[in-house]
Amino acid sequence: MSQRSFRAVRVKDKSPAPVQITAEQILREAWERQEAEPKPPRQKITDAEELAEYRMRKRKEFEDAIRRNRYGAGGWLKYAAWEEQQGDLERARSIFERAIEVDYKNIQIWLRYAETEMRNKNINAARNVWDRAITLLPRVNQFWYKYIFMEDTLHNFSGARQLYERWMKWEPDKHAWHAYIKFETRNKEIERVRSIFQRYVLCHLTVEAWLKWARWEEQQGDPEKTRRVYDAASEYLQEDSHHPKLFISFAKFEERCKEYERARAIYKFALDHIPKNVAGKLFQKFIQFEKQYGQREGIEDVIVGKRRFQYEEEVKQNPMNYDAWFDYIRLEESAGDKNIIREVYERAVSNKPPADEKRFWRRYVYLWMNYALYEELDAQDIERTRSVYKQALKVIPHKKFSFSKLWIMYANFEIRQKNLTGARTVYGHALGLSPSQKIYKAYITLESQLGNIDRCRTIYEKYLEWNPENCSAWVEFTEFENNLGEIERSRAIFDLAIQQQLLDMPELVWKKYIDFEIENEAYPHVVELYKELLKRTKHVKVWISFAQFYVSIGNIKQAREVYKEAFETLKSPETKEERVMLWESWRDFEDEVGSEETQKVVADNVPKRVIKKRRMKTETGEDGPWEEYYDYIFPDEKSDQSLKILEKARNWKRQKLSHDPPT
């Protein structure tokens with residue numbers, strides 16, 4: 001070849017080509033020309049041995065995958081789905097249960113578990129899964145919807161209704177209530193729907209909830225019940241009832257019923273009670289209404305005069321109707337005449353409840369409270385406010401019952417007037433006449449804010465003398481001293497608390513005391529506390545907590561001794577379930593920090609679950625039918641003779657198989 005052929009070709013025309021090749025085209029062409037990767041050959045299983053080998057290999061792969069990523073739900077779900085494809089539902093259940101033990105808050109695990117049972121037509125098993133899911137995670141609405149849908153599909157309407165009732169006890173969002181309402185409406189249970197609406201509006205005190213109820217009642221064709229719903233809405237919603245949307249809907253309903261006077265009265269009532277800054281749309285609707293059915297002149301005067309006359313009639317018929325007095329006073333306060341307002345207040349508080357029962361006095365006492373707040377905030381008459389508080393406290397029969405809120409309001413009023421001595425006097429009278437937990441706490445809060453430590457201690461002492469059974473008071477006293485750095489005082493208070501014969505929640509005091517000593521690293525004292533507590537109770541949770549305490553401080557040997565002692569202590573027929581719980585905790589402990597020898601000790605004590613029968617008792621005490629139940633038998637217990645015979649038979653068969661030559 002000549003030298004001339006190796007010379008570089010000289011490009012004469014350097015202008016761009018008319019057709020340009022992009023990088024995307026180059027990559028696409030390379031991808032299209034790429035050869036397909038060879039697929040692994042499809043394996044055909046011809047006998048049971050190959051199938052068993054295949055299953056063992058796949059299970060090992062799945063187990064290795066979940067061991068590497070224990071908290072990954074995808075591995076567990078794929079494993080369970082594969083076992084289901086293999087037709088081994090028991091293994092699939094076992095995998096789901098293991099996944100739940102790892103992360104019971106994972107929603108997908110519960111959903112796939114229940115769907116697996118439903119797909120295999122195991123209805124009772126699916127119900128069991130759903131029931132556990134809604135018990136552990138009651139705030140996950142998806143569980144409730146799917147469980148109820150399953151029961152509804154099976155036409156188990158009573159079961160679906162029971163599920164709805166359980167769900168409603170958790171006070172879910174409005175969509176759950178709407179689903180319940182649609183369910184009962186579909187089943188034509190009108191009275192049940194009405195009862196559900198009553199609970200719904202009490203759970204969700206919103207205008208939309210009441211309007212939905214009212215629209216439903218209107219669809220049923222009962223105007224009177226619809227009106228009662230609107231009336232109840234304006235009563236229960238209180239401040240939210242002053243919403244233009246509610247009254248506009250009410251008035252529109254009356255217009256559809258051709259009750260124009262009722263609609264006019266509703267508009268006037270709304271304009272009288274709703275603030276002017278939010279009543280623009282309401283006023284426009286009223287103008288449109290008057291243009292169609294009446295006149296617009298003298299609206300304000302008519303409203304005030306008519307409402308005043310109506311309230312006078314109501315309180316004249318029933319002077320104990322304190323709600324009517326509240327509305328009457330609110331009307332006069334909007335007018336702004338102080339003398340008339342005070343006159344109405346005096347007339348209202350002069351009507352004492354006839355019976356000395358606290359439930360009859362609550363609304364009455366609120367009249368006094370509002371009276372005092374009006375004199376302080378609106379009238380700004382300090383002496384008259386003080387006089388109102390004193391008169392209110394004289395009227396209440398403190399020997400039978402009292403109202404802590406009124407005492408606290410009086411004391412706070414004196415504090416606002418910078419009369420600290422007067423506030424302390426009020427609290428002293430309150431504790432002398434009618435001591436209560438709220439008053440003690442309010443008095444302690446006051447003195448604590450003022451930095452009077454000695455006074456706080458004195459009040460705490462009086463508090464505990466008055467109610468030594470109150471564990472919360474003991475704990476609050478110790479926390480108060482602990483915040484001051486008084487460790488020995490806190491410890492002494494705890495010692496006094498646990499020495500009390502009667503406590504409403506003794507477990508709270510013991511737990512706080514132990515946590516307190518652990519926080520201060522007084523480990524020998526913690527051990528003494530646990531031992532003292534175990535003298536009073538042999539509860540399994542105390543033993544487990546004692547062992548876990550030793551583990552937390554690194555004393556594995558003592559923790560193991562505690563487990564052994566507890567295992568021997570709980571050796572009685574009445575505490576078998578507690579002993580099983582202790583054994584499971586012991587097993588987890590040894591799996592984490594134990595050796596093969598100690599793990600073998602725990603494994604040798606594994607309980608055996610057996611099914612037994614026992615005769616049920618009827619309500620009259622006679623023998624009833626037999627029932628099966630699970631019992632646990634530990635190796636150190638004496639088993640029944642039948643179990644011994646079965647064990648000997650197994651041993652004999654095992655020996656025979658070992659001596660017989662293979663064929």
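**Side chains that meet**

Mentor: Y164 and W167 are about one helical turn apart, because three residues separate them in helix 8 (residues 157-168); helices here are DSSP runs of H or I, at least four residues, numbered from the N terminus. This is a predicted model, where local features need pLDDT of at least 70, side-chain atom pairs count only at pLDDT 80 or more, and totals for chains, interfaces and linings use all residues. Residues are numbered from 1 along each chain as its sequence is written, and side-chain values use heavy atoms, with hydrogens and water left out.

Trainee: Are Y164 and W167 buried or exposed?

Mentor: Buried means under 20% relative accessible area, exposed over 50%, and partly exposed in between (1.4 Å probe, protein chains only). By that rule, Y164 and W167 are both buried.

Trainee: How many aromatic pairs are there?

Mentor: Rings of Phe, Tyr and Trp (its six-membered ring) pair if their centres lie within 6.5 Å; planes under 30 degrees apart count as stacked, over 60 as edge-to-face and the rest as tilted. By this rule, the count is 42.

Trainee: What kind of pair do the rings of W130 and F143 make?

Mentor: W130 sits in helix 6 (residues 123-136) and F143 in helix 7 (residues 141-153), 13 residues apart. W130 is buried at 1% relative accessibility, and F143 is buried at 0%. Their ring centres are 6.3 Å apart and the planes are at 55 degrees, so the pair is tilted.

Trainee: How many salt bridges does the structure hold?

Mentor: To count, a side-chain nitrogen of Lys or Arg must be within 4 Å of a carboxyl oxygen of Asp or Glu. Among them is the one between K58 and E61, at 3.9 Å from N to O. The total is 47.

Trainee: Which residue forms a salt bridge with E590?

Mentor: The closest N and O atoms of this pair are 2.8 Å apart. E590 lies in helix 31 (residues 576-593) and its partner in helix 30 (residues 556-569), so the bridge ties together parts that are 30 residues apart in sequence. Both residues are buried. The partner is R560.

Trainee: Where does the charged end of K358 sit?

Mentor: A charge sits over a ring if NZ of Lys or CZ of Arg is within 6 Å of the ring centre and within 35 degrees of the ring normal. For K358, the distance to the ring centre is 5.1 Å. That ring belongs to a residue in a cluster linked by ring pairs, which also includes Y322 and W361. The charged end sits over the ring of F403.

Notes. Helix = DSSP H or I, 4+ residues; strand = E, 2+ residues; numbered from the N terminus.
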